[in-house]
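This briefing is meant to be read with the sequence and the coordinates side by side.

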Amino acid sequence: MLKATLSLDPEFKISTVDRRMYGSFIEHLGRAVYDGIYCPGHPASNARGFRTDVIDLIKPLQIPLIRYPGGNFVSGFRWEDSVGPAKERPVRLDRAWRTVETNQVGIDEFSSWCRELGAEVMMAVNLGTRGIDDACNLLEYCNHESGSYYSDLRRAHGAEQPYRIKTWCLGNEMDGPWQIGHKTADEYGRLALETARAMKKIDSEIQLVATGSSYPEMPTFPTWEATVLDYLYDDVDYLSLHQYLGDTTNNLEDYLAKSLTTEHFIHSVVSTCDYVKAKKRSGKKLMLSFDEWNIWYHSLGSDDERIAKEPWGIAPPLLEDIYTMADAAVFGTMLITLLNHADRVKIACLAQLVNVIAPIMTEPNGGKTWLQTIYWPFYHAAQYGHGTVLRTAVSCPKYDSPNFTDVPYLESTVLLDEEQGVLTVFAVNRSLNDSLVLSADLAAFEGCSLIEHVTMYSGDPNVTNGPDKQGVSPVRVAESGVTDNHLSAVLPPLSWNVVRIQFKR
Ligand code: AHR
């Protein structure tokens with residue numbers, strides 16, 4: 001049995017959590033849109049062709065904002081193709097994923113779908129093949145009231161009220177050679193700056209996200225950030241980060257340590273932002289939008305082979321990773337790391353939401369829905385991850401793995417919800433063999449009692465869920481408790497945990 005101690009004080013605060021920390025992402029990719037959220041003729045679909053059974057699984061996640069329409073897809077996207085009478089919309093080749101885009105779902109349909117979910121759209125503009133004019137036209141279409149060509153076009157398409165989309169991404173992963181219209185940092189910086197200024201002239205209320213590096217191992221990281229921000233620091237509101245983790249070396253202990261790279265990535269990006277701030281003698285602190293994060297490795301090679309053999313399919317299955325218990329634990333450590341940086345990470349988008357590296361799956365050709373292992377940590381965070389993240393001191397045993405040293409067995413974050421009088425601990429036990437007893441002195445809080453300790457674990461790190469099996473799902477832990485304002489919680493080996501404590505306000 002391992003032992004860990006958590007020291008906490010309500011006065012030691014990192015930041016309140018922005019609701020947009022629990023954002024997500026839908027790209028025109030694989031079966032995310034077609035055969036995922038949109039499936040006309042399916043018995044569960046509504047009059048507009050959207051699957052209500054999928055909506056029912058998304059709703060409990062209370063997603064505040066959804067990034068759209070890409071991803072790599074956006075860098076070749078002609079937004080005008082996706083509006084107007086559906087029958088008249090052109091069918092296009094999507095060069096990003098080498099599939100066929102029918103344009104049956106576009107901005108109007110997606111906006112109404114998001115409205116039903118109570119989520120904002122976070123729109124990305126194409127800075128790959130297009131530029132200032134098209135970004136401005138799209139903004140005019142979405143946000144301008146009326147009396148101009150594009151706003152009146154929207155009204156003619158049935159949307160009298162503007163969508164008032166607040167958050168806009170200036171392109172996607174423009175540092176990546178795989179990106180359509182890939183650019184150098186200087187090329188991107190100039191184009192994004194002029195686009196930002198033009199867009200803010202149309203709508204000064206919007207918030208803009210500059211494109212950061214596609215992942216921390218990019219050879220251009222962090223020079224990309226420093227150069228791009230030299231152009232954009234004063235004109236944007238956020239800088240983006242993307243990262244996917246995976247068991248690429250086939251070593252579980254190594255894989256379980258990988259959120260330490262997320263931690264390091266955030267530190268480096270914050271330092272780079274603050275370096276540019278100092279250089280510019282600016283009073284503004286730039287915030288981060290971690291707008292693609294998840295686990296992605298199961299489907300990597302096979303997808304490339306499939307698309308090479310059979311390109312130009314309509315909504316073929318792509319990036320359909322099936323997640324294990326180990327993946328859910330690593331996912332949990334990533335989520336915890338994001339929360340522990342709530343002072344700078346204001347937006348985060350789980351990439352993606354349905355079928356494509358997703359917590360929610362639908363069986364092909366309109367089959368049934370099911371929930372992946374990673375659904376649960378995200379669900380718990382969305383349900384209980386509110387209030388203020390506390391700065392805690394953790395004392396716990398550590399291990400070394402082939403590529404990491406001093407990896408703490410415990411990864412944790414603590415949230416204080418003063419309104420509800422609730423302390424919430426999210427924790428992952430990285431040990432493959434040992435339970436971990438987590439102790440915390442709660443003397444700073446009055447009248448503490450345990451609401452519940454929920455855990456997700458399995459003796460088999462490779463267990464998965466599926467359409468007909470629930471390999472792993474959350475269960476209550478009976479051995480944990482709070483006595484005399486002292487928490488003692490037993491975290492099973494390789495587990496995701498939620499411990500909720502009530503205190504007197
Ligand atoms: O989310 C899948 C892909 O990952 C996105 O299209 C791209 O932005 C990233 O490389």
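How many residues of domain 1 are in contact with how many residues of domain 2? Counting heavy atoms within 4.5 Å as contact, 41 residues of domain 1 are in contact with 35 residues of domain 2. This is a predicted model, in which local features need pLDDT of at least 70 and side-chain atom pairs count only at pLDDT 80 or more, while totals for chains, interfaces and linings use all residues. Residues are numbered from 1 along each chain as its sequence is written, and side-chain values use heavy atoms, with hydrogens and water left out.

**Domains and their interface**

- Domain 1 comprises 2–11 + 388–504 and domain 2 comprises 18–33 + 58–114 + 121–384, with bounds that come from an automatic or database domain assignment.
- The C-alpha centres of domain 1 and domain 2 are separated by 30 Å.
- About 3,200 Å² is buried between domain 1 and domain 2, and 70% of it is on carbon and sulfur atoms; buried area here is the accessible area (1.4 Å probe) that two parts lose on being put together, summed over both.
- On the domain 1 side, Phe-404, Pro-467 and Trp-496 lose the most area to domain 2, together accounting for 19% of what that side buries.
- Between domain 1 and domain 2 there is one salt bridge, a term that requires a side-chain nitrogen of Lys or Arg within 4 Å of a carboxyl oxygen of Asp or Glu.
- The two domains also share 13 residue pairs in polar contact, both residues being at pLDDT 80 or more; a polar contact is a pair of N or O atoms within 3.5 Å, where, within protein, one must be able to donate a hydrogen and the other to accept it, and residues adjacent in sequence count only if both atoms are side-chain atoms.
- Among the elements that give two or more residues to the side of domain 1 that touches domain 2 are strand S19 (404–408), strand S21 (422–429) and strand S27 (495–502).

**Overall fold**

- The chain has 11 helices and 27 strands, assigned as DSSP runs (helices H or I, at least four residues; strands E, at least two) and numbered from the N terminus.
- With a radius of gyration of 23 Å, close to the 23 Å that the globule rule gives for 505 residues, the chain is as compact as a globular protein of that length; the radius is taken over C-alpha atoms, and the rule is 2.2 Å times the number of residues to the power 0.38.
- Along the principal axes, the C-alpha atoms of the chain fill a box of roughly 70 × 60 × 45 Å.

**Salt bridges**

- The whole structure contains 22 salt bridges.
- Lys-279 pairs with Asp-230 in a salt bridge whose closest N and O atoms are 2.9 Å apart.
- Because Lys-279 lies in helix H8 (residues 259–279) and Asp-230 in helix H6 (residues 223–232), the pair ties together parts that are 49 residues apart in sequence.
- Lys-368 and Asp-468 likewise meet through their side chains in a salt bridge (2.6 Å, N to O).

**Backbone geometry**

- The peptide bond from Tyr-68 to Pro-69 is cis, with omega near 0 degrees, and Pro-69 is located in the loop between strand S4 (65–68) and strand S5 (92–94).
- The peptide bond from Phe-221 to Pro-222 is cis, with omega near 0 degrees, and Pro-222 sits in the loop between strand S9 (207–210) and H6.
- Leu-319, although not a glycine, has a positive phi of about 55 degrees, and Leu-319 belongs to the loop between strand S12 (313–314) and helix H10 (325–339).

**Surroundings of Asp-53**

- Asp-53 lies in helix H1 (residues 52–58), and its side chain makes a polar contact with the side chain of Arg-51 (2.7 Å).
- Leaving aside residues up to four places away in sequence, Asp-53 touches His-42, Ala-44 and Thr-369.
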